[in-house]
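Hi,

Here is the structure we talked about handing over. Please open it first; my notes follow below.

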Amino acid sequence: MRGLRWRYSRLPSQMEDALCGEDSDEEEEDEKNEAAAAPVPNPENPVEPQLTEASQVLGASEIRQLSLHLPPRVTSHPWSLAFGTSRDGFSLRRLYRQMEGCSGPVLLVLRDQEGQVFKWTGSNSFFVKGDWDSLMMGSGSGHFGLWLDGDLYHGTSKPCATFNNEVLARQEQFYIRELEAWVLS
């Protein structure tokens, strides 16, 4: 990760737009055909994703609920655990190393010491910024929607314009029990 420059990355509010990226016209046409052929999840009969290993954060009902909000082009792909604190330890640097070379959309989930799982509101675009000492998501008025320190043990959440959110945990400052990064491709 030497020489990397960290900056805010704008992710569109529609997850489908975030996954499309800036592809050539030919690749976009292939993706449209792939999306049309992919099963469309509905609340009565959701497509259940296949996980490469058990999640320490999400239960079966939470995984089913999340899968309802994923774009059709990723619903048939397995979820590969790229990083998990129970397996890989509490280290942001290790998270970055584990994610290096991963391609495809990533789902980052965590549960705090009080059992809270953070929810994305979907009402606004959000930003991600990372460096060796912290990882931040969402911003506005000098606050981050979610801030995680370099040891992936301490976190802070405050209301921010990007998420249009309330505090994502029971308290602004919290301790992380488990964090996972899943690659959806």
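**Salt bridges around Asp88**

Arg87 has a relative accessibility of 38%, so this residue counts as partly exposed. Keep in mind that the model is predicted. The side chain of Arg87 pairs with that of Asp88 in a salt bridge, at 3.0 Å from N to O. Asp88 itself counts as buried, because its relative accessibility is 8%. Asp88 also meets the side chain of Arg94 in a salt bridge, this one at 3.9 Å from N to O. Arg94 is partly exposed, with a relative accessible area of 31%. Glu53 belongs here too: Glu53, Arg87, Asp88 and Arg94 are linked in a network of salt bridges.

The structure holds 5 salt bridges. Another one of them joins Glu114 and Arg170, at 3.6 Å from N to O. Glu114 sits in the loop between strand S3 (106-112) and strand S4 (126-130), and Arg170 in the loop between strand S7 (154-156) and S8, so this pair ties together parts that are 56 residues apart in sequence. Glu114 is partly exposed at 39% relative accessibility. Arg170 is exposed at 56%.

**Overall layout**

The protein chain has 6 helices and 8 strands. Along the sequence they run β-α-α-α-α-β-α-α-β-β-β-β-β-β. Of the 185 residues in the chain, 36% are buried. Take the contacts between residues at least 6 apart in sequence: 65% of them join residues at least 24 apart.

In soluble globular proteins, nonpolar side chains tend to be buried together. The largest nonpolar core here has 22 residues, and Leu95, Leu110, Leu146, Leu148 and Phe174 touch the most other members. Strand S2 (80-84), H6, strand S5 (134-140), strand S6 (143-149) and strand S8 (173-183) each supply at least two residues of this core. S8 gives the most, with 5 residues. A second, separate core has 11 residues, including Leu70, Trp79, Leu81 and Val109.

Leu148 is worth a look. Leaving out residues up to four places away in sequence, Leu148 touches Leu110, Asp133, Ser134, Leu135, His154, Gly155, Phe174, Ile176 and Leu179.

**Helix H6**

H6 spans residues 92-99, and Leu92, Leu95, Tyr96 and Met99 are buried in this helix. Why do they lie on the same side of H6? They cover an arc of only 95 degrees around the axis. At the start of H6, a side-chain oxygen of Ser91 comes within 3.4 Å of the backbone nitrogen of Arg93. Just after the helix, Gly101 takes a positive phi of about 90 degrees.

Asp149 lies in strand S6. Not counting residues up to four places away in sequence, Asp149 touches Leu92, Asp133, Ser134 and His154.

Glu62 lies in helix H3 (residues 60-67). Glu62 counts as partly exposed, because its relative accessibility is 28%. The side chain of Glu62 reaches the backbone nitrogen of Gly59 at 2.7 Å.

Best wishes

Key
Residues are numbered from 1 along each chain as its sequence is written. This is a predicted model: local features need pLDDT of at least 70, side-chain atom pairs count only at pLDDT 80 or more; totals for chains, interfaces and linings use all residues. Side-chain values use heavy atoms; hydrogens and water are left out. Buried means under 20% relative accessible area, exposed over 50%, partly exposed in between (1.4 Å probe, protein chains only). Helices (H or I, at least four residues) and strands (E, at least two) are DSSP runs, numbered from the N terminus. The arc is that of the directions from the helix axis to the C-beta atoms. A polar contact is a pair of N or O atoms within 3.5 Å; within protein, one must be able to donate a hydrogen and the other to accept it, and residues adjacent in sequence count only if both atoms are side-chain atoms. A nonpolar core is a set of buried Ala, Val, Leu, Ile, Met, Phe, Trp, Tyr and Cys residues joined through side-chain atoms within 4.5 Å. Contact means heavy atoms within 4.5 Å. A salt bridge is a side-chain nitrogen of Lys or Arg within 4 Å of a carboxyl oxygen of Asp or Glu.
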